[in-house]
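Open the structure in your viewer and keep the sequence panel beside it. The tour starts with the whole protein and then moves to a single residue.

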Amino acid sequence: MEHLQLEQYKWDAENCCGCKGCVWVDPIYASGLNYAVRCPSLFRYKFDAYSALGRLKLALGLLEGSLNITPTAVDIIYRCNLCGACDVGCKRNLDLDPLMVLETLRIRAVDQGAGPLPSHAEVAKKILHHHNRYGRDKGEKRAWLLEGSRVSKKADILYFVGCNSSYKNTQIARDTLAILDHLGISYTLLEQESCCGHPLYYAGMASAALDQAKQNLAKVEDVGARIVLTSCAECYKTWKVDYPKLLNKKTQEMGYRVMHTVELLAEMLSKGNLIFPNPVNMRVTYHDPCNLGRMSEDWIPWNGTRSTWGITKPPKHYRRGTQGIYRQPRDLLLALPGIELMELPRARENALCCGAGGGVMEAYPDFALFTARHRLQEAADMDVEAIVSACPYCLDSFRSASPTLNRPIKVYDIVHLLAVSLTGKELDS
Ligand code: SF4
Ligand code: SF4
């Protein structure tokens, strides 16, 4: 895959000016020193090497032959959430692609036999042998499915459940189907659903991720669905951004639309076709998952050339993170009777990662916990009862960190609150 080689992003590495926009939240958005850092890795490890700035210098050293992929370099490359916050910060002032440097650094590490990390290789083995990231028996895959769910054989909407909601946070899958059934929305499920391949891509295993993409794309074609619906931010970004990226195509050329459940419901809400009848009395804040927010913009490949001052021919489209799925979850939460919604200081494209992203949860659990605790403290400072997200991996990260706080806060997935209000079912404690 020539288009996903580090060389393609040499210009970006060369032109990093060391301004540290990738580290700090812009002063006009920062609410104070406590929550002014955007890079979890720099915040945890303090040295510039653990920021986008340091990793771009590392990339340049590898490309120019002045550095090698040593064990320390591998550690620096993978001790990063691939959360994209640096990319947003950098692009406020410059037209650089730091996130693509970070992603292709991992691909380079794997190509040179220095990656993936052992914990990532273990997950990859489970995906290749068991088709899910947990290595669970495929017979258990539909254990979450309640009798009476109205699954069609064929439908325009394919609900892609994902590994986490199939095996771990199965409540999310049940709540999603409860909502669809309650609203009379027709949907189908894949008979043999496989992992979306996100863990393969973030580990730098681009060829394995491409194989996984091709298998999943063939399945969607088989069922003839027009919409791939998911309640998982990682699956969402994989289908919408990484599949076209791996195939060097535009998102718009993929032949299907990817929707998060919040998008589908927010569309109905805006047309006046959705009313939430039951109250959910709670003061909450919403955490923007990286993969549903700043990382979720359409992929548009660029295969051009640069002239003086880096001018691109043809013009390059930059994904700046401002067009993510931000409005929809907020519109839905505000439509729930009884909900009081507070904004976090770092919100939308400036949101801090939950700590789980980029394979950090598997490889560096102490770092994931550190970041999740910091993010929860930010929520606790808003004096909320609960933090709400739209991704099962945020749920995992926050739920493992919350009991370690002096004043734990509740953690919910948004589809649960929506299902509670729509169907009148009881709120999980
Ligand atoms: S990566 Fe971008 S924001 Fe960070 S120091 Fe370099 S130029 Fe500045
Ligand atoms: S992707 Fe996230 S963790 Fe990695 S360097 Fe950028 S801001 Fe830091």
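Among contacts in the protein between residues at least 6 apart in sequence, what percentage join residues at least 24 apart? The share is 77%. Keep in mind that this model is predicted.

**Whole chain.** The protein has 18 helices and eleven strands. A compact globule of 429 residues would have a radius of gyration near 22 Å, and the 21 Å of the protein agrees with that.

**Surface and interior.** Of the 429 residues, 59% are buried.

**One residue.** Select H3, in the segment before α1 (10–14). Is H3 buried or exposed? H3 has a relative accessible area of 18%, so it counts as buried, the cut-off being under 20%.

Now show the neighbours of H3. Leaving aside residues up to four places away in sequence, H3 touches Q8, Y9, K245, L246, L247 and N248. Zoom in on K245: its backbone oxygen is 2.8 Å from a polar atom of the H3 side chain.

Notes
Residues are numbered from 1 along each chain as its sequence is written. Chains are lettered from A and ligands numbered from 1 in the order in which they are written. This is a predicted model: local features need pLDDT of at least 70, side-chain atom pairs count only at pLDDT 80 or more; totals for chains, interfaces and linings use all residues. Side-chain values use heavy atoms; hydrogens and water are left out. Helices (H or I, at least four residues) and strands (E, at least two) are DSSP runs, numbered from the N terminus. The radius of gyration is taken over C-alpha atoms; the globule rule is 2.2 Å times the number of residues to the power 0.38. Buried means under 20% relative accessible area, exposed over 50%, partly exposed in between (1.4 Å probe, protein chains only). Contact means heavy atoms within 4.5 Å. A polar contact is a pair of N or O atoms within 3.5 Å; within protein, one must be able to donate a hydrogen and the other to accept it, and residues adjacent in sequence count only if both atoms are side-chain atoms.
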